[in-house]
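Please read them with the structure open beside you.

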Amino acid sequence: MQFVSRLAITVAVFGSFALALAATDYDFDFGAIWEYRGQFYKGIGITLFCTACAYGLGLAIGILVALARMSRTMPIRHLGDLYVEVIRGTPFLAQLFIAYFGIATIFKIDNKLAVGTVALGLFAAAYIGEIIRAGIESIDRGQIEAGRSLGLTRTRTMVHIVFPQAFKRMIPPLTGELIALTKESSLLFAIGVIELTAAGKQAGADTYRTFEAFLVVAAFYLLITIPLSLLARRLERVLGTTQGAGAHL
Amino acid sequence: MRAFLFLPLLLAFGCGETKTYESTLDKVLDTKKLIVGTEPEFKRFETKNADGEIVGFDMDLVRMLAEDLGVELVLREYSFQALIPALKNGKIDLIISGMTAKPKRAKTVTFTDPYFFTKLCLLVHKDAGIEKPADVDGKKVVVKLSTTGQDRAKELFPNSEYVVLEAEADCANEVASGRAAAFLYDHISIFEASKKHANTTRAIFESLSEEPYAMAVPLGDTKFRDRINVFLGKVRADGRYEKIVNKWMGDIPNAVR
């Protein structure tokens, strides 16, 4: 029932938008853009590849960043702080140029896709690290104390008591980050990685049909991001019923 | 902390073994590869077609250049703002991307002789009573933000009122709808707009100002520049240049020069 209502609202909103567009005196020609579908598919492939790899890298480094920021060793903690401040405090485009024209040039790496993906992953790591840290620190201290008084070591308390509860709280922001990253990957165009947005720009430039091209680009992004949102919502619900009870023992 | 100590070491390693060439031309001839940077988003000069090939006037020209040098052509895409950094970084040997040879740019790269002149022309409303450019003065003019049209409008039409818009399509619509009398922009865009709004507008192709498009090579690389200039002279003389102008710009009145 809920699904039907959701579908009805979606169709109604997009339907009226389409009708409103059709009512303007713009002469739409999606046929011209259809010719470029091969380029769009390639672009989607690149977008998915970059986003997935960058997110994986971001998770791995993000965990390290979170651990560093919560570390009891001061230099490590400060290094983690510095990383987050520098990455979050500068625009990704600037980081990308520094990575590609600065660092990659010094190391004689010339693979635009690889450099762009790694830069995107390092960018995501700062945000993911903060999500993880915030999730862990949001768990009541009493939970740690309870674990410790039951005789668990610090690490075991973390793994068995704090983390399962924290993870559930991290899912919504982690999903948000993945969706943001999907769109952020379009900036890789600057160094010539032709992902979805760039494919749309190029098709628009070749046909003078930029508006249609971007409508198609927007639709493809939604096709990627909406399933991610739905999946995350389901995951949250599943974890909520199985582990939620344990968390409140 | 220790990681920082390694950085200079890695830097030293990275900068180790590269063959240095006196001119990019030597590198191109030695490696048998001409690496050209472009942003394929400029119709007629360089765009990517449905098959993913980059085509246009610039591409034909640079392909002939590679042929002339007897080397393989390698195209690399960048956004326009990344083209000059890529050239300065040695990631590409040459830029061809409908780039105007502006004095400011010439401080960071060396330009070849111009290979094309784009002209500042007018799109006018049919009922605005404009026969020649001088008739525009005193009437409402629309220009696109940060274009030569915007720069030059005030001196060309001192008594006119101006509208500055961001999108080219909006500028053309402003004239087509009669809200403005004329749109001042480059002749290829004006030509396309006049085709799109054929019922309400027409183009005046008289040139009000010219902008040279040129290829860019690394700053101070006169040897490479001179070799390209020799090539440009050759193709202009033997008719190959005219052939590709006609191929890509043949439908535009008054395009060739």
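1. Chain A has 11 helices and zero strands, so called because helices (H or I, at least four residues) and strands (E, at least two) are DSSP runs, numbered from the N terminus. Its pattern along the sequence is therefore simply α-α-α-α-α-α-α-α-α-α-α. The C-alpha trace of chain A spans about 70 × 60 × 25 Å along its principal axes.

2. A word on the source: this is a predicted model, in which local features need pLDDT of at least 70 and side-chain atom pairs count only at pLDDT 80 or more, while totals for chains, interfaces and linings use all residues. Residues are numbered from 1 along each chain as its sequence is written, and chains are lettered from A and ligands numbered from 1 in the order in which they are written.

3. Of the 249 residues of chain A, 33% count as buried (20 or more other C-beta atoms within 10 Å of the residue's own; exposed means 12 or fewer, partly exposed in between, with C-beta atoms placed from the backbone). Among contacts in chain A between residues at least 6 apart in sequence, 77% join residues at least 24 apart; a contact here means that the C-beta atoms, placed from the backbone, lie within 7 Å.

4. Do have a look at the helix pair α3 (residues 37-69) and α6 (residues 112-137) of chain A, whose axes come within 5 Å and cross at roughly 45°. That angle makes α3(A) oblique to α6(A) (under 35 degrees counts as roughly parallel, over 145 as roughly antiparallel, 65 to 115 as roughly perpendicular and the rest as oblique). Axes are lines fitted to C-alpha atoms, for helices over the stretch in contact, and angles run from 0 to 180 degrees between N-to-C directions. The crossing of α3(A) past α6(A) is right-handed, that is, the near helix is turned clockwise from the far one by less than a right angle, with anticlockwise giving left-handed. The contact of these two helices has 19 nonpolar, six polar and two charged residues. In this scheme Ala, Val, Leu, Ile, Met, Phe, Trp, Tyr, Cys and Pro are nonpolar, Asp, Glu, Lys and Arg charged, and the others, Gly among them, polar.

5. A:Tyr208 deserves a glance: its phi is near 60°, a positive value in a residue other than glycine. A:Tyr208 sits in the loop between α9 (196-207) and α10 (210-242) of chain A. Is A:Tyr208 buried or exposed? A:Tyr208 counts as buried because 20 other C-beta atoms lie within 10 Å.

6. Turning to chain B, its secondary structure comes to nine helices and 14 strands. The C-alpha atoms of chain B fill a box of roughly 70 × 55 × 35 Å along the principal axes. Of its 257 residues, 40% count as buried.

7. One open sheet in chain B has three strands in the order β2-β3-β4, with antiparallel pairing; strands pair if DSSP finds at least two bridges between them. Its edge strands are β2 and β4 (54-55), each pairing on one side only. β2(B) and β3(B) are joined in the antiparallel sense over two bridges, and B:Phe42 stands opposite B:Glu46 in β3(B). From the other chain, α9(A) packs on the sheet, touching β2 and β3 of chain B, and its direction makes about 120° with that of β3(B).

8. The loop between β2 and β3 of chain B holds B:Arg44, which has a positive phi of about 80° although it is not a glycine. B:Arg44 counts as partly exposed, because it has 19 C-beta neighbours inside 10 Å.

9. As for α4(B) itself, its buried residues are B:Ala82, B:Leu83, B:Pro85, B:Ala86 and B:Leu87. Their cover includes α5 (92-106) of chain A, together with β1 (33-38), β6 (94-95), β7 (109-111) and β14 (216-218) of chain B. After α4(B) comes B:Gly90, with a positive phi near 80°.

Methods
Two residues are in contact if their C-beta atoms, placed from the backbone, lie within 7 Å.
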